[in-house]
Amino acid sequence: MMQSPTKITAILTAHLGKAAELRTLLVGMAPLCRAEPGNLRWDVWRDRAHGDRYVLDELYLDAAAVEAHRMTSHYQAYLSKIPELAERTAWELEPVEVR
(Lines give C-alpha, C1' and ligand atoms only; values in the text may rest on other atoms or scores of the structure.)
Protein backbone atom coordinates (compact mmCIF):
# COMPACT_ATOMS: atom_id res chain seq x y z
CA MET A 1 0.00 0.00 0.00
CA MET A 2 1.31 3.44 -0.95
CA GLN A 3 1.61 6.12 1.71
CA SER A 4 -0.61 9.14 1.23
CA PRO A 5 0.18 12.41 3.00
CA THR A 6 -2.39 13.80 5.41
CA LYS A 7 -2.97 17.52 5.89
CA ILE A 8 -4.67 19.03 8.90
CA THR A 9 -5.97 22.56 8.88
CA ALA A 10 -7.33 23.92 12.15
CA ILE A 11 -8.96 27.30 12.71
CA LEU A 12 -8.79 28.63 16.27
CA THR A 13 -10.59 31.80 17.31
CA ALA A 14 -9.56 33.01 20.75
CA HIS A 15 -12.18 33.68 23.39
CA LEU A 16 -12.33 37.28 24.57
CA GLY A 17 -9.10 38.21 26.32
CA LYS A 18 -7.40 34.89 25.51
CA ALA A 19 -5.59 35.70 22.23
CA ALA A 20 -2.15 36.14 23.82
CA GLU A 21 -2.47 32.88 25.76
CA LEU A 22 -3.60 31.06 22.62
CA ARG A 23 -0.67 32.43 20.63
CA THR A 24 1.79 31.34 23.33
CA LEU A 25 0.33 27.83 23.35
CA LEU A 26 0.46 27.49 19.56
CA VAL A 27 3.97 28.90 19.18
CA GLY A 28 5.14 26.57 21.95
CA MET A 29 3.67 23.56 20.14
CA ALA A 30 5.57 24.20 16.90
CA PRO A 31 9.01 22.81 17.83
CA LEU A 32 7.46 19.77 19.53
CA CYS A 33 5.25 18.90 16.57
CA ARG A 34 7.96 19.59 14.01
CA ALA A 35 10.24 17.13 15.84
CA GLU A 36 7.78 14.24 15.41
CA PRO A 37 9.11 11.58 12.98
CA GLY A 38 6.10 11.69 10.61
CA ASN A 39 5.69 15.47 10.58
CA LEU A 40 6.52 17.23 7.32
CA ARG A 41 5.23 20.71 8.20
CA TRP A 42 3.67 22.48 11.18
CA ASP A 43 3.04 26.22 10.87
CA VAL A 44 1.02 28.82 12.75
CA TRP A 45 -0.70 31.60 10.80
CA ARG A 46 -2.53 34.65 12.19
CA ASP A 47 -5.46 36.26 10.41
CA ARG A 48 -4.52 39.85 9.55
CA ALA A 49 -8.15 40.98 9.55
CA HIS A 50 -9.03 39.23 12.84
CA GLY A 51 -6.00 39.15 15.13
CA ASP A 52 -7.64 36.71 17.52
CA ARG A 53 -7.91 34.02 14.80
CA TYR A 54 -5.12 31.54 14.11
CA VAL A 55 -4.71 28.80 11.51
CA LEU A 56 -2.63 25.68 12.06
CA ASP A 57 -1.22 24.27 8.82
CA GLU A 58 0.03 20.72 9.40
CA LEU A 59 1.31 18.08 7.01
CA TYR A 60 2.10 14.48 7.94
CA LEU A 61 3.66 11.59 6.08
CA ASP A 62 0.48 9.52 6.40
CA ALA A 63 -2.53 8.77 8.62
CA ALA A 64 -0.36 6.71 10.99
CA ALA A 65 1.80 9.79 11.63
CA VAL A 66 -1.34 11.76 12.48
CA GLU A 67 -2.38 9.08 14.96
CA ALA A 68 1.09 9.11 16.51
CA HIS A 69 0.85 12.91 16.78
CA ARG A 70 -2.49 12.64 18.57
CA MET A 71 -0.98 10.28 21.14
CA THR A 72 1.82 12.65 22.18
CA SER A 73 1.71 14.32 25.58
CA HIS A 74 2.07 17.80 24.02
CA TYR A 75 -0.98 17.23 21.80
CA GLN A 76 -3.01 15.91 24.73
CA ALA A 77 -2.03 18.96 26.81
CA TYR A 78 -3.00 21.24 23.91
CA LEU A 79 -6.41 19.56 23.60
CA SER A 80 -7.06 19.98 27.32
CA LYS A 81 -6.32 23.75 27.18
CA ILE A 82 -8.10 24.68 23.96
CA PRO A 83 -11.69 24.75 25.30
CA GLU A 84 -10.83 27.54 27.74
CA LEU A 85 -8.85 29.50 25.14
CA ALA A 86 -10.65 29.22 21.79
CA GLU A 87 -13.28 27.88 19.47
CA ARG A 88 -11.63 25.21 17.29
CA THR A 89 -12.55 23.69 13.95
CA ALA A 90 -10.22 21.18 12.30
CA TRP A 91 -10.20 19.26 9.04
CA GLU A 92 -8.17 16.16 8.22
CA LEU A 93 -7.55 16.24 4.48
CA GLU A 94 -6.28 13.85 1.84
CA PRO A 95 -4.72 14.79 -1.49
CA VAL A 96 -6.77 14.84 -4.68
CA GLU A 97 -4.93 13.77 -7.78
CA VAL A 98 -4.84 16.54 -10.36
CA ARG A 99 -3.48 15.89 -13.83
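Helices (H or I, at least four residues) and strands (E, at least two) are DSSP runs, numbered from the N terminus. Cysteine 33, taken up again below, lies in helix α1. This is a predicted model, in which local features need pLDDT of at least 70 and side-chain atom pairs count only at pLDDT 80 or more, while totals for chains, interfaces and linings use all residues. Residues are numbered from 1 along each chain as its sequence is written, and side-chain values use heavy atoms, with hydrogens and water left out.

**Overall fold**

The protein chain has three helices and four strands, and from the N terminus on these run β-α-β-β-α-α-β. The C-alpha atoms fill a box of roughly 45 × 35 × 20 Å along the principal axes. A compact globule of 99 residues would have a radius of gyration near 13 Å, and the 14 Å of the protein chain agrees with this. That radius is taken over C-alpha atoms, and the globule rule is 2.2 Å times the number of residues to the power 0.38.

Of the 99 residues, 34% count as buried. Buried means under 20% relative accessible area, exposed over 50%, and partly exposed in between (1.4 Å probe, protein chains only). Contact means heavy atoms within 4.5 Å. Among contacts with a separation of 6 or more, 68% are between residues 24 or more positions apart.

**The nonpolar core**

A nonpolar core is a set of buried Ala, Val, Leu, Ile, Met, Phe, Trp, Tyr and Cys residues joined through side-chain atoms within 4.5 Å. The largest one has 21 residues, of which Leu12, Leu22, Leu26, Trp42, Leu56 and Tyr78 touch the most other members. Two or more residues come from each of β1 (6-14), α1 (19-34), β3 (53-60), α2 (63-70) and α3 (73-85). Helix α1 gives the most, with six residues. In soluble globular proteins, nonpolar side chains tend to be buried together.

Helix α3 has 13 residues, which at 1.5 Å a residue should span 18 Å; its end C-alpha atoms are 18 Å apart, in agreement. The expected span is 1.5 Å times one less than the number of residues. The buried residues of α3 are His74, Tyr75, Tyr78, Ile82 and Leu85, and they pack against β1, α1, β3, α2 and β4 (86-93).

| Residue | Residues in contact (within 4.5 Å) |
|---|---|
| Trp42 | Leu26, Met29, Ala30, Cys33, Arg34, Leu56, Asp57, Glu58, Tyr60, His69 |
| Cys33 | Asn39, Trp42, His69, His74 |
| His69 | Cys33, Glu36, Trp42, Glu58, Tyr60, Tyr75 |
| Leu40 | Leu59, Tyr60, Leu61 |

Cysteine 33 is buried, with a relative accessible area of 0%.

Histidine 69 is in helix α2 and counts as buried because its relative accessibility is 2%. The histidine 69 side chain makes a polar contact with the side chain of glutamate 36 (2.9 Å). A polar contact is a pair of N or O atoms within 3.5 Å; within protein, one must be able to donate a hydrogen and the other to accept it, and residues adjacent in sequence count only if both atoms are side-chain atoms.

Leucine 40 is placed in strand β2 (residues 39-46).

How values were computed
Lists of a residue's contacts leave out its neighbours within four places in sequence.
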